[in-house]
Amino acid sequence: MKIEKDTAVTLLIKIADATGKLIDEGKDPAVYLHGGYDNIFPKVEAALDGREPGYQVTLPLLPEDGFGQRDDSLLRTIPKAEFPPGVKVGGQLQGVNDAGAEQIYHVLKIKGDTVYLDGNHPLAGRELRVSLKVTDVRAASAEEIAHKHVHGEHGHHH
Ligand SMILES: [Zn+2]
């Protein structure tokens with residue numbers, strides 16, 4: 001079936017940088033609800049609209065079309081004494097940003113008694129090439145449409 005509004009689309013997504021160097025080989029399929037539900041980047045939805053399983057495309061993705069620009073206000077340091085045990089460099093922890101919203105921080109490095117954190121998405125500010133392969137298209141259920149996301153394998157669990 002064709003990808004149209006209120007279909008559940010299963011995709012293999014590979015992400016490379018602008019030179020073609022692979023960043024994420026996308027072994028696990030992703031599934032999203034098509035039709036402007038903000039489940040996936042609008043540029044990706046536009047490229048897939050009307051396509052069928054087997055369709056493949058590689059799209060250039062600028063930061064504004066993808067993970068956004070880097071925001072230096074999301075860089076912060078905390079004293080090592082406040083650092084939760086068990087979190088390592090390369091890991092993540094949840095905190096609150098300057099605007100008071102919950103924010104995931106990536107642990108960049110620990111130097112002396114200071115821990116350096118970055119709340120930016122690791123791919124923010126990067127020009128990317130996204131390769132998409134449609135592996136399945138099905139009609140979404142009424143419940144999925146009401147929830148504005150896909151359920152089941154690779155979908156939303158709750
Ligand atoms: Zn749901």
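Val 9 lies in strand S1 of this predicted model. Strand S1 covers residues 7-17. Val 9 is buried, because its relative accessible area is 0% and the cut-off for burial is under 20%. Setting aside residues up to four places away in sequence, Val 9 touches Ile 3, Ala 30, Val 31, Tyr 32, His 34, Val 134 and Asp 136. Val 9 is also placed 8.8 Å from Ala 139, C-alpha to C-alpha. Along the chain, 130 residues separate Val 9 and Ala 139.

A second residue, Arg 129, belongs to strand S9, which spans residues 128-139. With a relative accessibility of 36%, Arg 129 is classed as partly exposed. Neighbours within four places in sequence are again left aside. On that basis, the contacts of Arg 129 include Lys 14, Ile 15, Ala 16 and Asp 17. Ala 18, Thr 19 and Gly 20 are also in contact with Arg 129, as are Thr 58 and Leu 59.

The contacts of the whole protein can be described in the same terms. Among contacts with a separation of 6 or more, 60% join residues 24 or more positions apart. The protein holds 2 helices and 9 strands. Read from the N terminus, the order of elements is β-β-β-α-β-β-β-β-β-β-α. Along the principal axes, the C-alpha atoms fill a box of roughly 55 × 40 × 25 Å.

Of the 158 residues in the protein, 34% are buried. The accessible surface amounts to about 9,500 Å². Carbon and sulfur atoms contribute 50% of that surface. The protein carries 18 positive and 24 negative charges.

Backbone angles were examined next. Most residues other than glycine have a negative phi. Asp 6 is not a glycine, yet its phi is positive, at about 70°. Asp 6 sits in the segment before strand S1. The relative accessible area of Asp 6 is 22%, so this residue is partly exposed. Lys 148 likewise has a positive phi without being a glycine, with a value of about 65°. Lys 148 is found in the segment after helix H2, a helix that covers residues 142-147. Lys 148 is partly exposed as well, with a relative accessible area of 49%.

The model also contains a zinc ion. Its protein donors are His 147, His 149, His 151 and His 158. His 147 donates through ND1. His 149, His 151 and His 158 donate through NE2. These donors lie 1.9 to 2.1 Å from the zinc ion. The spacing of the donor residues in sequence is H-x1-H-x1-H-x6-H. The arrangement around the zinc ion is tetrahedral, because the 4 donor atoms subtend angles of 101 to 126°. Tetrahedral geometry requires all angles to lie between 85 and 135 degrees, so this range meets the criterion.

His 147 is partly exposed, at 33% relative accessibility. His 149 has a relative accessible area of 18% and is therefore buried.

How values were computed. Residues numbered from 1 in each chain as written. Predicted model: local features only at pLDDT ≥ 70, side-chain atom pairs only at ≥ 80, totals over all residues. Heavy atoms only, no water. Donors = N, O, S within 2.8 Å, 3.2 Å for Na, K, Ca; no water. Tetrahedral: all angles 85-135°; square planar, octahedral: opposite > 155°, others 65-115°. Buried < 20%, exposed > 50% of the residue type's maximum accessible area, 1.4 Å probe, protein only. Helix = DSSP H or I, 4+ residues; strand = E, 2+ residues; numbered from the N terminus. Contact = heavy atoms within 4.5 Å. Areas by Shrake-Rupley, 256 points an atom, 1.4 Å probe, with all protein chains shown as cover. Lys, Arg positive; Asp, Glu negative; His and termini not counted. Charge placed at Lys NZ, Arg CZ, Asp CG, Glu CD.
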